[in-house]
Amino acid sequence: MNNEWDIERAIDAMTASGLSRRTLMRRAGAGALSLGVIGFLAACGDDNGGADAAKTIPKGEIAKNMTFANWPLYIDVKGKGHPTLDQFQDKYGTKVKYVEEINDNVEFFGKVRQQYAQGNSGGRDLHVVTDWMANRMKRLGYVQRLDKSSMPNVVKNIERAVASPDFDPKREFSVPWQSGQVLLIYRKDLTGGDITSINDLFDPKFKGKVTMLTEMRDTVGSVLLGEGINPEDATKDQALEAIDKIEKASNDGQIRRFTGNEYTRDIDKGDSIAILGWSGDAVQLTDGNKNISYSQPEEGFMIFTDSMQVPVGAPHAYTAEKMMDFVYDPDIQAQITAYVNYVPPVKGVRAKLAETDPAIAENELIFPDLSKSHNFKTFSPEDEAEIEAAFQRAIGA
């Protein structure tokens, strides 16, 4: 099968017969599926037909409600509400149903794939996924083309560093939500000292108390750095060797489990004491528990950008564009940044925070020195498929 849409139909037939996506991934890793199907599951090919056929969101009326799907701990909170969403409602009269349903990109993709393939958003008007997954959504035709004329704040205020990724150089299908770093987070009261190296996670004294991320690029990229290999330059064999190291550590009981945002509960309770985690969570965890600390790995750190998209079939697509534009007001973005502690994609936020909260404006996790930052290499679809299948097998997915 050479055509991505043929692969899609084949997967639909297999899932209809009772096979779950996780089962398919395990069979892929074992060599039981064709390379074309593995390529769909892990990389979804390099066809861009879905994006080419996408229609631009038409202008319309502002809706009375909309649904926004996001990750946990990823928007400002006050009491039981969200100030940003309340202010959006004050301005437009739109009540936002905010759903924290995304803990892992692959898991979320598996959840929505069949709906999106049928042009059904499941009621979602916005979702937030990491840029590599945003690329997959775009290629498959699962998201709508944005009308930038409806989003003047985005056009004016998007930071240059995130404005033109190779998969969406004009940001016609995605708008950055936040960026961040992959850090070492640890319980300093239980580790006996600071953790400064990726390789510390493999120290036998932490056996059974280590958590790594289900995000392949974050975990494998970090382990590559620990081996002295730049993830941007890694070969397929080097990536697979890093996965072998991870799988051995998991099988030996060194690694307790692999998670998305669930690690926040593990470290707070002390079930895990040394983890790979995301920078915004790190700041929030240390605020809530003074025994938790974090560090940028001495070998360097992985970075990521999560972006907003409007899925096909979104019932209130134009209103979703207005939400995107709303959070690109530097005043609104500053209040989000002050709470989530991730890297804002909006110009002028640091100046705003310098006036209201100088400590945040000087926080190196929020406005980092990127000289030691790294991105994961973009492999060919075939190599990415093999790497993804090996990682899914290693983490027991």
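Strand β4 (residues 175-187) pairs with β7 in the antiparallel sense, over five bridges; pairing here takes at least two DSSP bridges between two strands. Helices (H or I, at least four residues) and strands (E, at least two) are DSSP runs, numbered from the N terminus. The model is a predicted one, where local features need pLDDT of at least 70 and side-chain atom pairs count only at pLDDT 80 or more, while totals for chains, interfaces and linings use all residues. Residues are numbered from 1 along each chain as its sequence is written, and side-chain values use heavy atoms, with hydrogens and water left out.

Back to β7: A274 of this strand is the bridge partner of Y186, and A274 is also the bridge partner of V210. Strand β5 (residues 210-213) runs parallel to β7 and is joined to it by two bridges.

Next comes helix α14 (residues 279-288), which is largely enclosed by the rest of the structure because eight of its ten residues are buried. The buried set is S279, G280, D281, A282, V283, Q284, L285 and T286. Their cover includes β4, α13 (263-269), β7, β8 (292-295) and α16 (330-340), with contact taken as heavy atoms within 4.5 Å.

R171 lies in the loop between α9 (160-163) and β4. R171 is buried, at a relative accessible area of 3%. Its side chain makes a polar contact of 3.1 Å with the side chain of D131; such a contact is a pair of N or O atoms within 3.5 Å, and within protein one must be able to donate a hydrogen and the other to accept it, with residues adjacent in sequence counting only if both atoms are side-chain atoms. Neighbours within four places in sequence aside, the contacts of R171 include L146, K148, I158, T305 and S307.

Elsewhere, helices α11 (residues 216-226) and α12 (residues 236-251) pack at about 100°, with axes 9 Å apart. Axes are lines fitted to C-alpha atoms, for helices over the stretch in contact, and angles run from 0 to 180 degrees between N-to-C directions. On the α11 side, T219, V220, V223 and L224 make the contact, and on the α12 side Q238, A239, A242, I243, K245 and I246.

How values were computed: Buried < 20%, exposed > 50% of the residue type's maximum accessible area, 1.4 Å probe, protein only.
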